[in-house]
Amino acid sequence: MERRPLLAGNWKMHTTIAEAEALARAIAQTAIPADRDVMLAPPFTALAAVGRVLAGSPVLLGAQNVCWEEKGAFTGEISPAMLQDVGCRQVIIGHSERRHIFGETDGMINKRVAGAARFGLVPVLCIGETLEERESGQTFQVLERQLRNGLLDIKLASGKELVVAYEPVWAIGTGKTATVEQAQETHHFVRNLLIDMYEKNIATQMRILYGGSVNPDNVDALMSQDDVDGALVGGAALKADSFCSIINFKKSA
Ligand code: PEP
């Protein structure tokens, strides 16, 4: 099945509002091929400003995390209703930095996915193994646990309602990328798990992004793999030139 590629930029804890506006403007002004989607996830402080820059462009606004409650006493959190209000369409959930630095559990991530879905936001659910887990042969076990627990009781009517991002922790921000064979093998495993969890037409419609040191030099080869449907990009998304090259990837023969 043909899946529309998604190139997503995770700006993490970077950019002032003025820097975010300039970066978003440069990306929105580039020629984006009509056959793919682009999403930018700036920090919360810049969402409104970047949303205004992106108005009228096909580039989607996304956020980097979300709470499960609509409102209330949840100091430091942001609600799905607030993200919807500011114009977000997608939200990254379960990023490895949330799991490993801030101790987010699969249970918490599952609640965030449910909250986002309840408000019509598309969750971009991140999963990935550490180097130790890969080297001790536990990659598939870890991914299965993260996926099944993260999606517990999440009903989907279409594969477009959820995006999965496979991000090996050892490849994030390290300059080490999974080989194309490792990426395809793992994405294929994730696809089969999704087929087991959802109807086949839903699972085959769902996009599985690769994340981990994606750059203009490795994106073509990664995007040429059958089950790699896009990229979640950190460092290389902070420069308009490199992110625009990534957006304009060409599948190698
Ligand atoms: C990320 O932030 O999700 C990421 C993959 O970062 P980087 O591209 O810098 O490895």
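## Strands and their partners

Two strands pair if DSSP finds at least two bridges between them. Strands (E, at least two residues) and helices (H or I, at least four) are DSSP runs, numbered from the N terminus. The model you see is predicted: local features need pLDDT of at least 70, side-chain atom pairs count only at pLDDT 80 or more, and totals for chains, interfaces and linings use all residues. Residues are numbered from 1 along each chain as its sequence is written, and side-chain values use heavy atoms, leaving out hydrogens and water.

Let's start with strand β4, residues 90-93. Strand β5 (residues 122-127) runs parallel to β4, joined by 4 bridges, and valine 122 in β5 is the bridge partner of glutamine 90. Strand β3 (residues 60-63) is also parallel to β4, with 2 bridges; here alanine 63 stands opposite valine 91.

## Two covered faces

In a regular strand the side chains alternate between the two faces of the sheet. In β4, Gln90 and Ile92 sit on one side, Val91 and Ile93 on the other, and all are buried (under 20% relative accessible area, 1.4 Å probe, protein chains only).

An oxygen atom of the ligand lies 2.6 Å from a backbone N or O atom of glycine 173, and one is 2.8 Å from a polar backbone atom of glycine 234. The ligand taken alone exposes 300 Å², and the protein buries 96% of that (Shrake-Rupley method, 1.4 Å probe).

Conventions. Buried < 20%, exposed > 50% of the residue type's maximum accessible area, 1.4 Å probe, protein only. Polar contact = N/O pair within 3.5 Å; in protein donor to acceptor, adjacent residues only side chain to side chain.
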